[in-house]
Every structure is written in C-alpha cells, then in structure tokens.
Amino acid sequence: MDALSEQFDQCGVGAKKEETKKKLGLIALAPKLESNKNGATTTVDSNLRKLNISPNQPIYKYDVKIACFYTNAQGKEIEIEFSKSPKKGSQHDCDKMKCQKFYEMAVKKTPALQKAGDKFFYDRQASLYSTTKLAAKDNIKLEFSKEASKAPNFVRAVFELKAVAESYQASSNGIRSTVHPAPALADKTLVEAISIFLSGPAYSNKNVITVGNCVHYLLDSSNINVKMISYDQGFRYSALGASKGVKSLQGTNKDPSLYMVTEMKSTLFHPDDMPILDLMQSYPGFSPNFNVHSPAGAHIAKAIVGLEVYCDYGKNQNNMEEALIVKIIAFDSSARDVVFDCESVDVSVQQYFQKKYNINLKYPDLPTAVAKGKKGGKIHLPVELLKTCPSQKVTNQQMIGNEQADMIKLSAAPPHQRKPTTDAVAKAVGIAADNVYGFIEVEPSQKVQAIILPKPKIAFAGNKLVAFGQNAKCPTDFAKAGHFYEAKELKNWEMCFVQNEEIQGLSDQLVAEMSNNGMRVAKPAITYIVKNDLETVFKKAKTAGRQLIFFVIRTRYHFHQAIKSFEQKYDLLTQEIHYETGEKFFRQAQTRQNIVNKTNMKLGGLNYLIGSNYLNNPRVLIVGFETSQTGGDIVTVGYAANMMDHYQKFAGGYIYTARSRDIYGPIIKDILVGIFNNFKKFKNRGAPEELIIYFNGVTEGQYGMINEEYTQQVKNACTTMNEAFRPKITIIATSKTHNERLYKSEQGRISNLEPGTVVDHTIVSPVYSEFYLASSVARQGTTKAAKFTLIYASAPGKTMERIETLTNDLCYDHQIVFHPVSLPVPLFIAGRYSQRGAMVLGHNGPSMANKEVDLALTNQSLGYSDKNLFGSRYNA
C-alpha cells in the first residue's frame, strides 16, 4: 500500500507523453448505396429535428488553455492543464468547474469578452465558439495569482485564448464540409459549435444540471407528467432529463442538413455532497462496528462500491474543487486495524490521521474505504471523512432491492407517452426552442416514409410452413408446424436434482415432449447434488460419457455460475432450469416447448429452416462480434458464426482481451482462423465465397479503425488459410446505444414500429450506407431500432435491399424463441457467449504470472477453443 502521506501531499497529475499513432479515417468507407424500395410503405416519426441556420452566419472558433502551476513534494513547480483534462467522471467534472471559474474571471478582466457577452459560448474545456470576432486582438493571455485557489501548494493560473489556426472561421453555409466518405476529412467545427449554442439555454437554466456535455436533467420535474421515485435507503432519487446531439444527415434536399436529436432520460442519482457515513446509516443492519463481510455489510458495500467521493478534511474541507477525489473500489478492515508502512514505521489509519491532521476519528471501528493510489497501489480512507461527488448516476451494480426493476418501468414508457414526454422535457430544459439566439430555427420532428420488409418463410420437418400471428398478440410470433427440421438423438444423459428435491415424473414428461418434436430420446439417469458437492456430479458424468447433464435446481441455491464454470472445465454439455419452472412443465405447453427447443439446439440440431432469398447459400460465412462490458481490466469478446454443418446453425465462443479503445483489433485474426478451421470440417459447406461480419457496440469515431485496421486483419486471416482464399468481404457496424427513436405515425396516432420496418434515407448519413431496422416487437415500452452502417464492401451491389433483408431474416434465426429478436442472430448469440465468458471469469478469476494477469493462460484455461464443445451451440 502506498503511504497516505505521499498520496495526499502531492498535487496530483503529471504530464503524460502522448504516443504517436497512425491517423485513421483517411480512406473512404464503402460507397453509399441507393435506398431499398422493396416493401410496403409506412410513415415514421422521430425524435430528430432539422436545424435551419441563417445563411452567411460566421462562426469563430478559439482555443482555450487553462493551466495551474503547483509546487510538488520536492518543491518543484509543475504545470497541470485543466482545459484538456484526461480524467474521467467526477474528476473531469471538477476540472470543468475550474475551467468555468477561470473563464468567468477572465471575462471580468477583458473588455472585449465583456462586450461579446452572450455571443460567446464556452464548452468548459478547450474550445470557445463565437458568432462575432473579437473586436481587439485575437489572442488573450491572463495570469491569476493566489486569489484563484486555496490550495496550499498553488502558485498561479494562466488563461489563454487564441484563434484556431486551421478552422478559425466557419460559416453556416458550410454544412457540406461537415461530412466526408473518409471520416477524418470531415470538418466538425460547425457541428460542435451549433451543439454548444443549442445547450446555451440549458447551461443558464437554474432548474437544470448537466451531466457530461449533452445530457440535461431537471432539478424540479413536477410540471412533467411522469412519476419520480425516491428511496430512503441511500437517499437516492430519480431525475428526468433529455440528451441532445447534433448530426449532419442526408435530409430532404440535395445537400446535407443539420439535425438535433433529443432523447428522454430517466436516471437514478446518488445524493450530492452527502457524507458516506450518513449513506451507510440509512441502510438496515448498520452499526458503528459492522463487519463488511456480514450480510448487512455486503448489502451496504454493494450499494456504495463504485461511488466517487472527495476527502472532506484539512485545508480542503467543504472544498471539493481542491480536494482529493477517489473512487471507492472496496471496503476493508477498520481504521483501527488497517496498518501500513509510513516512513519506515507501521501505523494504523486511525493513528495516521491523528498524527498528520490532528483528527480523532469518531468511528475507528467502521470499515475503511479502499481506493486506488496514484502509483497503482491501494489507499485506505476513513468513511467518516468522505463525501459523495455531485451528479453521480447509480450504476446497475449498485442497485439493490427493486431499484433496477423500478427504473426499467420508469424508462419503459410506451411510444404514445414517450414522444410527448421527450418533447416536454427537452422544452423544459431549454434545448427545444423553435428559435435559438435568433439564427437557429428548429423544425418540428422529422417524419419519413419507411418500408416494411416481408417476413421470411419458416418451415419445420416435411417443409411444413408456419402461419405467422395465428392466436398470437404479435404479428411476427409463430408456433411449431410439426417436428423439428433436424431433430437430434439423446441416448446417454442424466437429470440432476438437489438431494431430496426431485420432481416426480418430470423426466418422463420431458422425454415425451422431446419425442413429440421428433427427437430420439432414451430415459435419463437420475442423479443428485449431495451436500452442495456439485463437482462430483460432473466427475461421475464425465466418467459415464454423458451427452448432457440436465439440472433442475431451486432459484435460492445460486448454482448457475458454478454449473457453467464446471461445464467449461469438464467439457460436458449442461442445461439448467429452475425447480419452479419444472413444476410448471406439466401444465404450460409453451414452457415445455421452450425447454425442448433449447435442448435440440445444444445437441446440434436445427428446429426450423428459414426460407430466404439471401440466407440460403451454404458458402456464405456470417460472423458476429460482441463484448461484455462488465468493468475491470479484462473484456470478454463473444463471437458467433454459421460455422456448423448447416448454414443456418450458429455457434461460437469467447476470448478475453485487455480493455482498451480497440478491443476487437488484436483478436480478430485468431478468432477468424478458428472459425475457418471449424468451417472446413464440413465438406458439404465448401470453401466460403463470401464473408459478412457484424461488429456491435462500436462508435462512429471507430469507423476509420474498422475500415482500415479491422478489414486488414480479416484479409490477413484469409491469407493465413490459403493464398488463393479471397472471399468477398462485407463489414457492418451495429449499434443500439444511439439516441435516435422512431415511431409509427398513423393519422396522428403514435405507436411502436411494425417488425421489419426499415429507414435508410433522410435521417441517415449523407455519405455512408446506413439503415435503421426494427426487427422485433417491443413487449413493453418503446421499440428501439438498431442502426447499421456499411463500413467495407468488396462487392457492394447497387441498393441496400440485400443487406437489409439478410439482416432482418437473420433476426428470425434464433431457433429457441419462435419470433424474431432485436439483433441479427450472429450478434445476439455472440452477446450471450460474451456474458458466459464473463461469468466463467468471475467464478474462477484470471490466471496470473509474476503477479500480473496472463491473458494467454487465462484464455487457455477458461476458454472453449480447444474443447469438444467448441463449434456447438453450448450456450443456447
């Protein structure tokens, strides 16, 4: 553990050397294709509003530099620039607060800035935009001395303002320059400026807090007809807000147009500036000496770990701006018991604070909060000296009780409520005015004509076609139309219960149901988990050569993670249902069908066949990549491909990689080589003629990286297999994290989009091939269409029809649920594999070498790539 004195005495952040990196985005993405016009038409409304900017309006951009100089522990003066803060979270927000303070101080000292008044817009970081040029000289440099900060080691602060050399002046006429087929060649100055201008009213609204740069929350939302929530435990409260973004889109004219997108946000917040001790006392089971490992302690820790706090003592008491800000990563023993080496003397945290700060802790027996030190070690802090940083969202990991379910209900507004509420909130925070600053006209929400793609034909054994929508609430739901298209055999398997908790007759009923679907099934052996000894079950099943262990276990036992971990370890297929589900098996036909659907897919079967004009070629290999962002330094990448013996069967796996901006790049080649090798096992498939790859969860800022680096990795993987192996390549970026919302609009009535609705014009990029697809029905709330962008295509074709129809047809290929899912199946299944990998990692922990994570060893010990189950749908 780092000595606390070293952590607290130093002023904080040293300059980091920036690595020289190749500039990406200089190569054009795939050419823009014509819209797909093959389908029934419908009208779609949106949360996008066209912006009309007054012609010939000049916009000036200035660079802002705000830096403070401090003396460090060695007496050396160092510079910290806050206007280009690399920090995140509350530390970043604190740096923006400092920037705003120094900017306001600079305005008071500069007549030219005072005269510009409300024509200047500062983003609280490194950019300032203006609709008027500085009257005097363009460059301003001011220095502030001790009055600017109370920090004891503060020396001075410097404020500099100068015109940007490359794009000093933009014009409202320059929208065309904001887009380019090569992403890096687009000039975003105008977009950035208009975005800052539009947020101006929200920044000045005293009823609004801003999180990040573009999400504005109402402090008082009583005028909006949405019920807010508050909790006594943790003093948490929900807030209603709206996000705002500005984009250059295709528009209705020949030239691109600027649009503003506004989306409703319902978020649960922690209280601001609340002592952590008060938070702890609000939870049941709190006492001045509670054990963090007790049930009550674990409950409290779950709610608080992950919070960013500031140290509220000494000269920085009640002064978050200068205080040390840290994130609580865990709780440990009490301040009385935690001992560390301070100047070659062992002292407890309690003793240290008494000696260093003359603070006698009132609660020395409370657990200490653990945070990361500046040198990578850990520091232990007394909770009674910490306060919450403001405007912090409650993460899913911190939610307890019914909080997550309550927030899902709050945010799952039906479309006829969501759209007017979004409009009302946007107007209340100040980002939906019809006219902004006299030169930005905001039109009503954009309506477009969309098409509805036809549903594919779906056949069971004997080419028996399903009838969509019969006796179903949703038009895309279908029922079984006979035996499975390819039913598998299950001869050597077992059904496993916890000892003395067997459900009589369940195995016979399950065998009967499998037989009713065409499977050839023997009666299972019955085994038991004795005294929680789960691993023995796997050892015996492995010795017996079982095809499958079918677990039936009550929900309270929490065996799921261990079962899947042992599945990987022993390379033995498992399926698990809850005991409570098993009781429903006898009376609920749909429950029986869903369970058997999954079993047949795990065994390598095919429940139904999709009749599709584009999903019908055994020599087209389709791959999906997805990640599980569960925190920590290791990211689990899931992948899936139709690499099995039939082109409509998808299977895959997962791989662990280091968290970075480029998660996929280092592993694409190895994953594809593994997929190619599995594909080659099946002579009926032939060599792939075409390779279609979907990447999910990537941002627009990564398009250049996908186009240039990922595409090259794909080509390298092909070359590894055979110099002559040159399949056609199509790469598509997918996202459901965007803020665009689309609604069906019929005679003034707002409702959810019909499944298969596609929009590929007007509200998409003017230079990339993009489309929004709503493939599935929203069972509650509002449908969110997925967005697809064609990044690379060696043989792009002329229109979007093939890509859109293939993507929609893939959404029907889940095989377990008899309706389309919200993403094409290679991505949907890849997401499940990534979750499985994260689960296995969470149960076992990574492999270590020299006290560091060994990713290669972790993948070898916890992955499936060298298992017999690889290439099967073990995670069905």
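Me: Into which domains is the protein divided?

Reply: The protein is divided into domain 1 (58–171), domain 2 (274–389), domain 3 (488–603) and domain 4 (610–740 + 785–870). Keep in mind that this is a predicted model.

Me: How far apart do domain 1 and domain 4 lie, going by their C-alpha centres?

Reply: The distance between those two centres is 45 Å.

Me: Where does UniProt place the PAZ domain?

Reply: An unreviewed UniProt entry puts "domain: PAZ" at residues 275–390. Now look at the model over that span. Residues 275–390 are 22% helix and 29% strand.

Me: Next, helix packing. What describes two packed helices?

Reply: Two values do: the angle between the axes and the distance between the axes. Take helix H12 (residues 560–570) and helix H18 (residues 825–844). Their angle is about 100°, and their axes are 9 Å apart.

Me: Why are H12 and H18 called roughly perpendicular?

Reply: Angles from 65 to 115 degrees count as roughly perpendicular. The angle between H12 and H18 is about 100°, so the two helices are roughly perpendicular to each other.

Me: Which residues of H12 and H18 meet?

Reply: From H12, they are His560, Gln561, Ala562, Lys564, Ser565 and Glu567. From H18, they are Arg836, Met839, Val840, Gly842, His843 and Asn844. By class, the contact of H12 with H18 has three nonpolar, six polar and three charged residues.

Me: Let me try another pair. At what angle do H10 and H14 pack?

Reply: Helix H10 (residues 506–516) and helix H14 (residues 589–602) pack at about 70°. Their axes are 10 Å apart. H10 and H14 are therefore roughly perpendicular to each other. On the H10 side, the contact uses Gln509, Leu510, Glu513 and Met514. H14 supplies Arg592, Gln593, Ile595, Val596 and Thr599. The residues of this contact divide into four nonpolar, three polar and two charged.

Me: Now single residues. Is Gln404 buried or exposed, or in between?

Reply: Accessibility under 20% means buried, and over 50% means exposed. Gln404 has 36% relative accessibility, so Gln404 counts as partly exposed. This residue sits in helix H8 (residues 403–411).

Me: What does Gln404 touch, leaving out residues up to four places away in sequence?

Reply: Gln404 touches Asn396 and Met399. For a separation across the chain, compare Gln404 with Gly701. They are 297 residues apart in sequence. In space, they are 31 Å apart, C-alpha to C-alpha.

Me: What is the phi of Asn532?

Reply: Asn532 has a positive phi of about 65°, although it is not a glycine. Its place is in the loop between strand S30 (525–529) and helix H11 (534–543). With 55% relative accessibility, Asn532 counts as exposed.

Terms used: Residues are numbered from 1 along each chain as its sequence is written. This is a predicted model: local features need pLDDT of at least 70, side-chain atom pairs count only at pLDDT 80 or more; totals for chains, interfaces and linings use all residues. Side-chain values use heavy atoms; hydrogens and water are left out. Axes are lines fitted to C-alpha atoms, for helices over the stretch in contact, and angles run from 0 to 180 degrees between N-to-C directions. Helices (H or I, at least four residues) and strands (E, at least two) are DSSP runs, numbered from the N terminus. Angles under 35 degrees count as roughly parallel, over 145 as roughly antiparallel, 65 to 115 as roughly perpendicular and the rest as oblique. Contact means heavy atoms within 4.5 Å. Ala, Val, Leu, Ile, Met, Phe, Trp, Tyr, Cys and Pro count as nonpolar, Asp, Glu, Lys and Arg as charged, and the others, Gly among them, as polar. Domain bounds come from an automatic or database domain assignment. UniProt positions are given in the numbering used here, feature names are shortened, and annotations may be inferred rather than shown by experiment. Buried means under 20% relative accessible area, exposed over 50%, partly exposed in between (1.4 Å probe, protein chains only).
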